[in-house]
Amino acid sequence: MTSTGERSVGTTTRARELIGRAAELAELSSLASSAVSGEVGIALVRGTAGMGKTTLLDEFSRAVAVSGEVRLLRVSCQEHAECFSTARALVGLECPGAEPEVLSYRVFQDLYRRLAELAAASPLALVIDDAHQCDEASMHWLEFLLRRATDLPLLLVLAQRVDTPGPGTSGLTWLAAHSRCSVLELGPFGYGEIAEFAERALLDTPDTCFVDGCAEITGGNPLVLGRLLDELSREGVLPDATGAVRAEQLGEQVLAASALAQLASRPEHVRAVAEAVAVLGETAEDVPTGLTAALAGVQPGVVVSALEELSRIGVTVPGEAGYAHPVIRGAVLARLDEARLRQLRTRAGRLLSDAGRPAEEVAEQLRGLSGDLERWMVDIFRAAAARAETRGAYDVAVRYLTTVLQSLGDNESERARARVALAGPLAKIDPDAALDQLRRALAATTPLRERAEIAVRFGQTAVLAQGALDGVKVLGAVADELAENRRGEAIGELLALVESTLLVCGSTEQDSIALVRERARRIELPEGRTATERQTLAMTALLAASEAREPASHAVSLARRALRGAGVSTESRACYSAAIALSFADEVAESLSTMDALVVACRDKAERWTLALATATRALMLHTAGDVTGSLADATTATLVAGEQPSHDVSCLPNTALAAALVERGELDRAEALLDAVQTARFEGFIWEWPHYLQTRARLARARGDLDGALRHLEHCGVVLADAGITNPVLTRWWVDAACLHADKKQPAKARELVEQASEVARRWGTPRAKGLALVARGVLEKGKRSLELLEEAVEVLPDDIARLDVAFAEYRLGAQLLREDDSPAARSHLRRALDMATRCGATALGAAAGKLHADAGGRLHRHIASPVDTLTGSERRVAMLAMAGGSNREIGDALRITVRTVEVHLTNVYRKLGVAGRAELAPVLDSVRSAHDPGQ
C-alpha cells in the first residue's frame, strides 16, 4: 500500500507534454479547480493494463503539488487488503473493530469526521490507484462519504483496471453512474501519440514504417511501447525502416521477457497451469477445466484461480484459457526442456483422445513431437489426415501424413504404404511431388498386386502432373506382368482396372495417345457390369469418336453401354468421357443431361477441380448447340472455380470456353485477356484442351481483322490434331474456319484438299452436323450456282435444334453469296434468318455482321420478336423436347438422370413460359415457333 503524500514525477514541462493524455489531464485539473471553489468532484480513470492510468495520476499529482492549492491524499490498493485499509491509509486514522462484517455507522462517522477536519484546513484531492482492488469496506465508506460531502471542497479520483475484476469493481460501477462522475476511458495510443513517444525517446523524427511497426507490435499499449523504446534507445536504434525491423525483433522479446518475469514470481501451481494452457494452445479455450487440471497436475478449482491470476498479470485473456499474445505462449513453451515438453504433449494427446476430441485436434497437439511415434499416435495422424482430406484441406492432410512417414524409420514396406497415402492429398497441391512419392513406393514394393494398386494411383496422378507418357509406361509394364501371371478372377479385375486407368491417363496428352490407341485395340471390350468396365467402355467410345474410323453409331453404342448403370457421383471419369463422345455424335440432349448430373455431383461432393472441368466442358457443348448465353454463364462459373484451386492447371479449358463465348459477343479485349492468362507452355500437350484454345485464338484474330494470324492458329490446330491422330471433324471446326478465311482471301485452292479430306471423314462419321459443316466448307470455296447449291444443302442438313449457331452461320454465308450474285431479295431472306437465329443464340458479333449485309441488300430491320422457346433454360428445353416426343415423366427422368420431381418442376416452367396447358399443346407451339422464324414460310 502506497502511503499518503506525493510521488516525484519530474518537471512541470513534462506534465504539459504528457503524451496522448492531455485532454484527460486537463479534465482532472478542471475538477481540482472546482474543488478549490467548494464543489465535490468525482473522476473515474479506466483502462486495461498498461494504458497509462498510473502515469496520468502521477502527472496529475505533480500538478496538484506544484499548484499548492489542493492537498493530495493518494493510495494504491493492494490485492487481499484488510478491511478499511484504503480508507485508513487515506485519512491516517486507526479504526478499531473494523471486521468485514462490521460496517458500523460509528466507524463510517469516525472516518468521515477525520476527512472533514482535513478538508476544513485545505481542499482535498483523494487519489486511489488500482481501485478495482479496493476492499469492500472502504468502497462502502466512499459511497457514504459522497452522499454526505456535498459541501466539502473535495475531488475523488480513482483508477480502475477494467480487464481484471476485484472486490471494488461493483462499487466502481455505482460510482461511474453517479451524476457528478466524469469517466475518463484510456485507450491505446494512435499513430500520432506513438510517433511523438518515439521521437522523444529516440531523439529523431520517426519514419511512417517505424511508427506502423511499433503500433502493430505493441497494439498502442503505452507500457509495452515504453519498454520497447527504452530497449531501442539503449541500442542506439534510429526510427527508420531498419529500426522498424529491429523493433519487431525486440518487441517480441519485450513481450516475452515481461510475461516470463511475471510468471517467475508466481506460485508453482500457477506456472503449471500456464504451461498446460500453452501446450493445449488454441484448443485450451474449449477444453474442460478438468482436462486442463489433469495436464497441469492440479485440482480443477486451482485452474480457475490460476487463470484469474494469469489474466491479472496480462499473460492470458481475462475470462478465457487463451494467451494474450502468441509470443508469450511461445516464450512459455521455449523455457521448457525437450523432455518436459514431449511429456506434456504426449499426456495432452492422450487426454484429448480419451476425451473423444476430434482426431485433427489431437494431431495438432502431437505434431510437434520428434522421433518415433507410438502406434496410437500414428493412427491419430492417419485419421486426422483422412478427415482433413474429406473437407478439402489437402495441405493439412499432407502435413499429418508427412509426420507419419518421418516416424517410420527404416521399415521400407511401411514407408511405401505411407508414401502412397501421402500421394493422395499431395496430388491436389503438388502433383509432381506426389509422383515422386509413388515412384519411391513402386521401387520399394515387391508383391505384384500391391505394385498394381500403386501403378493405378501413379496413372491417376500423372494426369494432374502432365506426365501421361510416364503413367502409360508404368501402367503398361504392370499390365503386361499381370497378363502373364493371370490367375483367377481377382487378378483379372485388377488387370482391367490397370488397363482402364491406362486409357484414361494416356488419352489426355498428345505424346501418349498413340500408345493408348494401340493398347485399346488389344483390349477385349467388357460388358459394363462394373465401374472399371464402364470406364473402359467410355474411354473406348471417346477414342473411337476421336478417330471417326467408323460411323458415329459405334461410339454412341459404346458410350451408352458405359452410362448404363453408372453412378455419376462415383464414376465421374466414365460419365465425362461418354458425354463427350455422345456430343460428337449429335446426341446433344443425352450428353448435356449427363454433364448436368456430373456438375451437380461434383458440386455436392465439393470436387472443385472436376467441377471446373465439367462446367467448362458443358459450356463448350452449349456453345456448339447454339446457346452462347448459357455457355457464357457456365464458362464464367468454371473460371471462378478454377481460380480457387491450388494448382491452376485446370484454367486452360475454363478460360478458353469463356473467351470463345466473349468472341461471339464481340467482347474481344476481355477474351484476349483470358487467353493471355493461360500458361501456354504448360498446356500445349493437352490434346482435348489445346485445339479449342487455338481455334478460339484464331477466331479472336479473325474478329480483329488479322486474317493471316487467324490462319496460323488454325493451321497449328490442324497439325496438333493430326499428330495426335484425331480426325473427327466436329472436335473443333477449325477446317471450316480455315476454308472461310481462304475464301475471303480469294485463295480457295489452298483449302480444297484440306476440306475434301475432312468432308470424307464427315461422310464416314455420318452425323448431320458433320455433313452440314462439310457442305458449308465446300460451299464457301466454290463460286456461282455450285456455291449456292452446297450452302442451301448445308442449311437443310444442319440440325437447327442442336446446332443453331452453325445454321445461323450457314445462313449468313448463303446470304452473302446470294448478295454477291445480285439476288438481293433471296439474300435478305437468308440474312434476316441468320440475324434472327444469331440473336437468339446470343452471338452478337454474327448478328451484327448479318445485320450489316441485310442492310446492304436493301433490307429494313423490323423489331425482333424473340421466340418464347428462347426463354427456356437448357434443361427445360431438353425436358420439353422429350415430353413432346411422348416420353413419360419417369422415362424423361431416366433419360436425363434426374428425379421425377425435377421433371415435373421443369415441365411446369415450360408450360408457364410457353403459355400452354399441358404436353399435348407442346408440339403445335414449338412447330409454330419454328414456322414464324422460317424465311420460307
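Just after helix H32, Gly666 takes a positive phi of about 85°. Helices here are DSSP runs of type H or I with at least four residues, numbered from the N terminus. The model is predicted, so local features need pLDDT of at least 70 and side-chain atom pairs count only at pLDDT 80 or more, while totals for chains, interfaces and linings use all residues. Residues are numbered from 1 along each chain as its sequence is written, and side-chain values use heavy atoms, with hydrogens and water left out.

The expected span of a helix is 1.5 Å times one less than its number of residues. The table sets this value beside the span from first to last C-alpha.

| Helix | Residues | Number of residues | Span | Expected span |
|---|---|---|---|---|
| H32 | 652–664 | 13 residues | 18 Å | 18 Å |
| H16 | 338–354 | 17 residues | 24 Å | 24 Å |

H32 is mostly covered, with 13 of its 13 residues buried. Buried means under 20% relative accessible area, exposed means over 50%, and partly exposed lies in between, using a 1.4 Å probe and protein chains only.

In H16, the buried residues are Leu344, Arg345, Thr346, Ala348, Gly349 and Leu352. The buried residues of H16 pack against helices H12, H13, H15, H17 and H18. At the start of H16, a side-chain oxygen of Asp337 comes to within 3.2 Å of the backbone nitrogen of Ala339. Just after H16, Gly356 has a positive phi of about 80°.

**The H33 and H35 pair**

The axes of H33 (residues 668–676) and H35 (residues 690–703) come within 11 Å and cross at roughly 145°. Axes are lines fitted to C-alpha atoms, for helices over the stretch in contact, and angles run from 0 to 180 degrees between N-to-C directions. On the H33 side, the contact (heavy atoms within 4.5 Å) is made by Leu668, Ala671, Glu672, Leu675 and Asp676. On the H35 side, the residues are Tyr693, Thr696, Arg697, Leu700 and Ala703.

**Asn728**

Where does Asn728 lie? Asn728 is in the loop between helix H36 (707–723) and helix H37 (734–744). Asn728 is buried, with a relative accessible area of 3%. The side chain of Asn728 reaches the backbone nitrogen of Val730 at 2.9 Å. Leaving out residues up to four places away in sequence, Asn728 touches Ala545, Ser546, Glu547, Ala548, Phe584 and Trp765.

Notes: Helices (H or I, at least four residues) and strands (E, at least two) are DSSP runs, numbered from the N terminus. A polar contact is a pair of N or O atoms within 3.5 Å; within protein, one must be able to donate a hydrogen and the other to accept it, and residues adjacent in sequence count only if both atoms are side-chain atoms.
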